[in-house]
2 protein chains.
Amino acid sequence: MTFLTYPRHIQEYLEKKGINIGDKVRITKDKVEYTGILMPRIELGDVNCLVVKLENGYNIGIKFDKNVRIKLLKKGKPIEFKPSKIKLKMDLTKPTVSILGTGGTLASRVEYKTGAVFPTFSPADLLISFPKLKEIANIKGRKLFDLFSEDITPEHWKIIAREAAKEIKVGNDGIVLMHGTDTLHYTSAALSFMLQNLPIPVVLVGAQRSSDRGSSDNEMNLLSAVITAANSNLAEVCVCMHGSESDDFCYVHSGVRVRKMHTSRRDTFRSINVLPFAKVWYLEKRIEYLRDDFRKRGKRKLKLDLKINPNVGLIYFHPGMKPELIETLGKFYDGIVIAATGLGHVSVNPTNDRFAKSLLPALKSLIDSGIPVVIVPQTLYGRINLNVYLTGRLLSQVGVIGHGCDWLPEVALVKLMFVLGHTTDMKKIREMMLTNMVGEISERSESIHFLV
Amino acid sequence: MTFLTYPRHIQEYLEKKGINIGDKVRITKDKVEYTGILMPRIELGDVNCLVVKLENGYNIGIKFDKNVRIKLLKKGKPIEFKPSKIKLKMDLTKPTVSILGTGGTLASRVEYKTGAVFPTFSPADLLISFPKLKEIANIKGRKLFDLFSEDITPEHWKIIAREAAKEIKVGNDGIVLMHGTDTLHYTSAALSFMLQNLPIPVVLVGAQRSSDRGSSDNEMNLLSAVITAANSNLAEVCVCMHGSESDDFCYVHSGVRVRKMHTSRRDTFRSINVLPFAKVWYLEKRIEYLRDDFRKRGKRKLKLDLKINPNVGLIYFHPGMKPELIETLGKFYDGIVIAATGLGHVSVNPTNDRFAKSLLPALKSLIDSGIPVVIVPQTLYGRINLNVYLTGRLLSQVGVIGHGCDWLPEVALVKLMFVLGHTTDMKKIREMMLTNMVGEISERSESIHFLV
């Protein structure tokens, strides 16, 4: 079955009744009857909603619960989304891009006869949905899984990295990874550390608005990502997303310097503390580089490094935080990232104020017991500096890690997971954390990039 | 003693030896001898560093530890910072502003003879440091405490609110609160909820660079804050800080819509999702209003409401977060704020993926046990919307609070503390949280204010 399936308990109920998708049914709920064709579930809807195409042509969703009764009226022709069988001819003058799907709203195809929304992961399907792709490259594609991005875990990062590595090794010119936007920047950071010595671009892309909305950004984002994968000189893990409120260009961001900054805007992804790598003017298929400090496309052997320890927590310091929280987290985690205030501060109460509760003893005991504590800026923008104020110096003395780093909370979190996959030696952890591996720390802050 | 004192153990050591600040001493440490005048400790330095003015005129800091030996060489004249005794004449044609100090780098005065840095909290001292103040208003002032802002707790918020209320009740035209910048926006949020029915402006102000630096922002920020307190029509708790990279204007932000966004820049404070209330062109003493939707200065009776339950935690959802963390925090806190991804999502794993770990059962059991869970956007910008995706709807079903809110994580945290000080009834908590009290939630998002 290529369309989205209902959850197991609904499937089992339907099978017991001998009902298939495509059958004509009568659904009764709360004394109301609905008669129509049972449809596949819709992509972004409640998985527990049965979708029925009524005789007037409208699709409605009926929440499946114990009050629902379904009666088979007439077996129908099975509704099936037939992946297009068109044999794609390779155009040898064009680069080849492999598109991997992990879920998210980007690539879905509406089957117009029924209104059913199908994920489109065969290369031919992608080309039917986005015919302009073939002007850019030969397209290959497959689906790894179909998840909301907030359900993607460090285990999925490993699967994605492994599958991307396969696609790199068979000689594609670029990889595009379709991903939900919520945690796209966590995945891009993980891939940046896992896919070492990249020879070609690996481009993550998502969409903020689904394809059934007029303002959908999916085509422009996907085309721009494929242009980047096919033609750019960026042998980096990067994120390609809408650049402005207009449909004019996408930004290509470093996978370790980017963050989702708005819940709903299309231009939500922003490079923090650095410029994006490039702009892609997708109509002209033109890449305008904004920086030159990136690894260039070239012949080199990819190194895949999947060692990661996901047992790391990220906490947010705030007034009133209890030192006991730190102690408790020490029992939970092998490493802790603290989003600290200002230049990297938490309460250490050097003036012995009667209300303030110093976190210093708890942090010291954590670090002494071998659990690294990494400091990141709650401000997001700017650099940690533990030398300016007494608070920072006291934190340095007990061994927190982060002085001099202009990293993002999410990236430092993923990096600490990666580092703890490689060593438990505190000296080595510190050294690896403070070493710029893939551009996640800059030597020099460029103030002009604040909030732009 | 008006200058900054050494910690108690050092004071006791000095008293035992009969040594006072101002005495000529010989300090021996690690076989090195330092001879000079013992100075007051410096404001931003390590409190455990003895400061000695050497005979060559330089001040040096010597870390006090068990290897330090101090010998009194000669009793000196006590170094004393004499608060200026100038009797300030009230100018009855000018408004009167009361300045309260809580610490931070803003108001310090260097005593040029010795180089000692003194906090300046008498009105006369403030006028000596910032003589332009008297062109704006009659200045009153006192110090509440002298803390790094990261040590300020909800208990301090209550003290500040109570003291501000006193100053309001005696009929001042405006209140200025000097505060360290790190957690200034948490305090401004707390005061916004505690000082109800404000008749006059309450303006928080800080400085990013201390007065001994050429690029110090302290004078411009303080003058702008006093202009706002004295002359503006804003009967609101607001934050007045540098507006741009130049020394041209300050922004006046709503105390519940502002956030420190850069570790070191002077224009670090930014209004999120709304425009600032106003710009203050401090050289011309001109206030340019950018909005009109604020409470106007007027005769009304302040209501002080100090009921707050600080036992609230703020956590940051990320890939790999363990549901057990939520369970553990439930034992710790009376309320939890979750910085969620995208429109307000955490992993709820509706597709039963084998790796994803749903937080839903843990959240449900927390909420069912009477602990409210409030959702805020990790993106900072934009609005929580739990109706778009299945994830959000499932979260809504178990009773998380936040749908429709464009609030900041820090503000929702402080608001939840405040609300839990008033009720433990979940229905009432939800109602209070979702009601816009002091401008912390807007009805309409103004997209044009993204990252500007």
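In the predicted model, B:Leu50 is in contact with B:Ile27, B:Leu38, B:Gly61, B:Ile62 and B:Phe64, neighbours within four places in sequence being left aside. B:Leu50 belongs to strand 3 of chain B, which spans residues 49-54. The residue is buried, since 23 other C-beta atoms lie within 10 Å and the threshold for burial is 20 or more. B:Tyr6 stands 44 residues from B:Leu50 in sequence, and the two C-alpha atoms are 8.0 Å apart in space.

Chain A was examined for its overall make-up. Its secondary structure amounts to 11 helices and 22 strands. The chain has 452 residues, of which 53% count as buried. Among contacts in chain A with a separation of 6 or more, 68% are made by residues 24 or more positions apart.

A:Lys24 and A:Gly76 are separated by 52 residues in sequence, with a C-alpha to C-alpha distance of 6.2 Å. When residues up to four places away in sequence are not counted, A:Lys24 touches A:Ile37, A:Leu73, A:Lys74 and A:Gly76. A:Lys24 has 18 C-beta neighbours inside 10 Å and therefore counts as partly exposed. For A:Lys301, the separation from A:Cys250 is 51 residues in sequence and 29 Å in space, C-alpha to C-alpha. A:Lys301 is placed in the loop that joins strand 18 (286-289) to strand 19 (303-304) of chain A. This lysine, A:Lys301, counts as exposed because 9 C-beta neighbours are found inside 10 Å, and the limit for exposure is 12 or fewer.

Positive phi values were noted at two loop residues of chain A. A:Lys31, a residue other than glycine, has a positive phi near 65°. Its position is in the loop between strand 1 (24-29) and strand 2 (32-39) of chain A. A:Asn273 is not a glycine either, and has a positive phi of about 70°. A:Asn273 lies in the loop between strand 16 (269-271) and strand 17 (278-281) of chain A.

Helix packing in chain A was considered next. Helix 5 (residues 184-194) and helix 10 (residues 409-420) of chain A pack at an angle of about 40°, and their axes are 9 Å apart. These two helices of chain A, helix 5 and helix 10, are therefore oblique to each other. The crossing of helix 5 of chain A with helix 10 of chain A is right-handed. From helix 5 of chain A, the contact involves A:His185, A:Tyr186, A:Ala189, A:Ala190 and A:Phe193, which meet A:Glu410, A:Val411, A:Val414, A:Lys415 and A:Phe418 of helix 10 of chain A. Sorted by class, this contact of helix 5 with helix 10 of chain A comprises 7 nonpolar, 1 polar and 2 charged residues.

Helix 10 of chain A also packs with helix 11 (residues 426-434) of chain A, at an angle of about 140° and with the axes 10 Å apart. Helix 10 and helix 11 of chain A are therefore oblique to each other. The crossing by which helix 10 of chain A passes helix 11 of chain A is right-handed. Here A:Lys415, A:Leu416, A:Val419 and A:Leu420 in helix 10 of chain A meet A:Ile429, A:Met432 and A:Met433 in helix 11 of chain A. The contact of helix 10 with helix 11 of chain A has 6 nonpolar residues, no polar residues and 1 charged residue. A:Lys415 is listed in the contact of helix 10 with helix 5 of chain A and in that of helix 10 with helix 11 of chain A.

The largest nonpolar core contains 235 residues, and those with the most contacts inside it are A:Val226 and B:Val226. Residues up to four places away in sequence not being counted, A:Val226 touches A:Val97, A:Leu133, A:Ile136, A:Ala137 and A:Val176.

The contact between the chains takes 66 residues from chain A and 66 residues from chain B. On the side of chain B that touches chain A, at least two residues each are supplied by helix 4 (154-169), strand 20 (312-316), helix 7 (323-332), helix 9 (390-398) and helix 10 (409-420) of chain B. By class, that side of chain B has 31 nonpolar, 23 polar and 12 charged residues.

Note on methods:
Residues are numbered from 1 along each chain as its sequence is written. Chains are lettered from A and ligands numbered from 1 in the order in which they are written. This is a predicted model: local features need pLDDT of at least 70, side-chain atom pairs count only at pLDDT 80 or more; totals for chains, interfaces and linings use all residues. Two residues are in contact if their C-beta atoms, placed from the backbone, lie within 7 Å. Helices (H or I, at least four residues) and strands (E, at least two) are DSSP runs, numbered from the N terminus. Ala, Val, Leu, Ile, Met, Phe, Trp, Tyr, Cys and Pro count as nonpolar, Asp, Glu, Lys and Arg as charged, and the others, Gly among them, as polar. A nonpolar core is a set of buried Ala, Val, Leu, Ile, Met, Phe, Trp, Tyr and Cys residues joined through C-beta atoms within 7 Å. Axes are lines fitted to C-alpha atoms, for helices over the stretch in contact, and angles run from 0 to 180 degrees between N-to-C directions. Angles under 35 degrees count as roughly parallel, over 145 as roughly antiparallel, 65 to 115 as roughly perpendicular and the rest as oblique. A crossing is left-handed if the near helix is turned anticlockwise from the far one by less than a right angle, and right-handed if clockwise.
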